[in-house]
Amino acid sequence: MEKLLNELSSECQSAYGVECDVAIDAQVPENLKRGIPLGLPSITENDLLRHFTNLSKKNYALSTVFYPLGSCTMKYNPLINERIAKNDAFNNVHPYQPIETMQGTLEVMYELEKDLCEITGMDTFSLQQAAGAHGEFAGLLVIAKYFKSIRQKRKKIIVPDSAHGTNPASAAFAGFEIVPLKSELDDGSVSHDKLKEVLTSEVAALMLTVPNTLGIFEKNIVKISKLIHDNGSLLYYDGANFNAVMGIVRPGDMGFDVMHINLHKTFSTPHGGGGPGSGPIGVKSFLEPFLPVPRVEKKKDKYVLNYKKLKSIGKLKAFFGNFPVILRAYAYVKALGGKGLKNVSKQAVLNANYMLAKFKDKINVPAGNRCMHEFVLSPKPLFKNDIRTIDIAKRLLDYGYYAPTIYFPLIVDEAIMIEPTETESKETLDKFVNVVNKIILEESCQELQKLKDAPINTPVRRLNEVEAARKPILKWK
Amino acid sequence: MDYTPQNQKDKKQMFESIGIGNIDELFKIIPSHLKVKDLNISGGKTEQELLNYFLNIASKNKKLISFRGAGVYDHFIPSLVGEIIGRSEFWTAYTPYQAEASQGTLQAVFEYQSLICALTGLDVSNASLYDGATAAAEAVLLALRVGDKNKILISSGVHPEYIQTVKTYLENSKAKIEIISLSDNGRLDKNTVDSLTDYNTAAVVIQSPNYFGIVEYMDALSLAIKSKNSLFIVIINPLSLGVFKAPGEYNADIVVGEGQALGSSMSVGGATIGFMAVKKSLEWKMPGRIVGQTTDRDGKRGFVLTLQSREQHIRREKATSNICTNASLNALAACVFLSGWGNAGFSNLAETNISKARYAFAKIKSLDGFKAKFENETFFNEFVIETSKNIKKINKVLLKNNILGPLDLSNAGDNFKNCLLFCVTEQRTEAEINRLVELLMKI
């Protein structure tokens, strides 16, 4: 067990210090002065290095294990991108320094926006949003503002029940009412008839994830798009699963009006244990006036920032966006080029289908024999003796794998959602499939206790989440 | 270079297993008239070419000695921070859904939460938000969830981009925002706050040090706010807490701020980190991830994501926020940053900021054509100077000498015509400050 920082603290020389080369002159009035202790630990650099290095070893990470976390696109994060992002010439830029002294930074942003337009078929992009959900929120605000501008009262957003939880949460955040749409049971697709039933004149937009969260491409997309637009509504594309279709098909061509994309998924930027991410939004040109400010523009050979957009939804955060993430994504695009990006999606889909082919005769796959970049297993019919998907997931940790996404999408019982990505070798996929099959088909029947006891090879054994929520301990004692 | 490992032999075997002849069969479901031929994007660069390509782009940025702050600050980042956030076990992990396999990230975030609570004097911290501006917006939304009041008061001393962000977030809500003007002395007057706060005021948002660098008299302001049962939302510079009163001491309900100063680089203002801490009574209304301590089956201490029934993946449209990805790696950086100073060292860091800023302040205000805008107020590392000189010219001359000069405040309201906002952190040496003064003198 690794000690906590307050337990490591002692009367020692702390790791860092600062020398003040002018006279210390820091008296402040009593009523402004801190009266309570700071409560910070005192630890040497040597001990801190050990502490945090030891902590890092308690993580399963993409750099140590296969990480088939469905919907999260845990692909290899190229090291060259990290090297580029470490450059102080990018990191030491102040957001309010004159634009002529930050042309390199603006060039990266401008050029990535341009490339994203080509990749997605949208007309223009904004990079300001800090994450996928932040992008959804921005996109929905753009939709709200657009309808306000043409004086239409449309307060509803249709969200399929297979969608990520962020979709309805973002729509509610943006002030909309949510109209849930029941997906087709087999493949999670949108039923034309059911959509028609809920599609009233109050509907502002339909949010779709394509391919959907079962890994299936929306085969009726052309019809859906027509239906939505004939109703005067807009179509929103959740780009969480964009890794399946780069260079194959573009949201802009399918009729989507607004989309977000997760640079920390499709464009290989690392997840950092949960961020920072980046969620650019793309729109068709009629929505461009509503995008967040400032916009990066190019005037002759100079990049400039334009704040003068009267119809803009305003600012989504301070300054311009998560630049280091944007920079890595742009490096990725420049490494791959159009051809490489297309190959990425082909390989991602090939890898997923290969795994699916190896599972499908043994474990129930509700959405059928083909998928795009990910697929969902429902092993429930095979479960005996109160075995559950959580037990499979925990047992996988014992075999040295991060677990797939579980219990999502909500429309599949005991779901196991697997996304291999394109950067994994056939050998890795083979081994993983064998282990999953062994756990579900053999161990869950014959060695039940192993699953119930799992994990045993991790730094801690199964943790008590109920206790954590019932009697919350959220900081050191 | 596309980072895909399969060779032709592998692919052939995979085709056979799937029962297809070529890869395109997997895309049959997509209507053919929608399919893209080729993406017109240059690329295909090798690692070496890529490195040179970006070195060239980077060279178009200019390295400057910064006397500018206004929300993003040039602070020293200890080597240990880079070493730890550079460990791939941290930066290539995902949000810690599988707790048993994510104890590194989870314990680090738990430590981060503890450190934020210690610093602010509040009870509960979340795992991080995107940045200071969105943290302010989330704080306001939190306050609106507490009761059925719908008025929000915001000090005009709050960073203008934060105010804009709050407005964006509230665009389609029923809440009304009113701005409280600062007094002529550059800070809020408690009587003004008292008269504007009413029983329909859900929260009052005050930044200290405010946008103009001045430390607000939070005790008195807090009393005025509390007398109407409104929530007190404080936006704070975390480094200033090494010297100045902790929000917990003046009964703040929600504390948020920008954590860039705690070990994250400026990076043109992103990716940074928003922090949030609240009183215990508000913990279930908090947005974002929270890590809690628990035990495993053998009674061993461990950490998990907790109070999750507030969140979007469970509550969907009824969640306290839509946030999913946050700023976890920056939280790790802040944790490593805050754990290495000790109490005395951290106070010394804050005092060094104050001392250097005061040193510069004294010299600049005594120059011909420059005077203190708020002579007798207390500031942290930023101060306002009024000048009779041409501001554009000042910054042009400084820039020529590789100095990023003060921020021109002409757009910050009538009271700030001909005003400059200087920032001096511990990074600026005596020699650099003297050089700045020398150049200003010659203008």
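## Domains of chain A

Chain A of this predicted model is divided into three parts: domain 1 covers residues 5–56, domain 2 covers residues 80–336, and domain 3 covers residues 344–466. Between the C-alpha centres of domain 1 of chain A and domain 2 of chain A there is a distance of 42 Å.

## Domains of chain B

Chain B is divided into domain 1, made up of residues 65–75 + 342–442, and domain 2, made up of residues 79–338. The C-alpha centres of these domains of chain B are 28 Å apart. In their contact, domain 1 of chain B takes part with 22 residues and domain 2 of chain B with 21 residues.

Which elements give two or more residues to the side of domain 1 of chain B that touches domain 2 of chain B? They are α12 and β12 of chain B. The most comes from α12(B), which gives 7 residues to this side. By class, the side of domain 1 of chain B that touches domain 2 of chain B holds 12 nonpolar, 5 polar and 5 charged residues.

## The open sheet of chain B

In chain B, 4 strands form an open sheet with antiparallel pairing, and their order is β11-β12-β15-β14. The edge strands, each pairing on one side only, are β11 (370–372) and β14 (407–408) of chain B. Strands of a sheet pair through backbone hydrogen bonds, in either a parallel or an antiparallel manner.

The antiparallel pairing of β11(B) with strand β12 (residues 382–387) of chain B runs over 3 bridges. Opposite B:Ala372 stands B:Ile385 in β12(B). Helix α12 (residues 342–365) of chain B packs on the sheet, where it touches β11, β12 and β15 (419–423) of chain B. The direction of α12(B) makes about 5° with that of β12(B).

## A pair of packed helices in chain B

Two packed helices are described by the angle between their axes and the distance between the axes. Helix α6 (residues 132–146) of chain B packs against helix α7 (residues 160–170) of chain B at an angle of about 45°, and their axes are 8 Å apart. Because of this angle, α6(B) is oblique to α7(B). The crossing of α6(B) and α7(B) is right-handed.

Which residues make the contact? From α6(B) they are B:Gly132, B:Ala133, B:Thr134, B:Ala136, B:Ala137, B:Val140 and B:Leu141. From α7(B) they are B:Glu161, B:Tyr162, B:Thr165, B:Val166, B:Tyr169 and B:Leu170. The residues of the contact of α6(B) with α7(B) comprise 9 nonpolar, 3 polar and 1 charged.

How values were computed. Residues are numbered from 1 along each chain as its sequence is written. Chains are lettered from A and ligands numbered from 1 in the order in which they are written. This is a predicted model: local features need pLDDT of at least 70, side-chain atom pairs count only at pLDDT 80 or more; totals for chains, interfaces and linings use all residues. Domain bounds come from an automatic or database domain assignment. Axes are lines fitted to C-alpha atoms, for helices over the stretch in contact, and angles run from 0 to 180 degrees between N-to-C directions. Angles under 35 degrees count as roughly parallel, over 145 as roughly antiparallel, 65 to 115 as roughly perpendicular and the rest as oblique. A crossing is left-handed if the near helix is turned anticlockwise from the far one by less than a right angle, and right-handed if clockwise. Two residues are in contact if their C-beta atoms, placed from the backbone, lie within 7 Å. Ala, Val, Leu, Ile, Met, Phe, Trp, Tyr, Cys and Pro count as nonpolar, Asp, Glu, Lys and Arg as charged, and the others, Gly among them, as polar. Two strands pair if DSSP finds at least two bridges between them.
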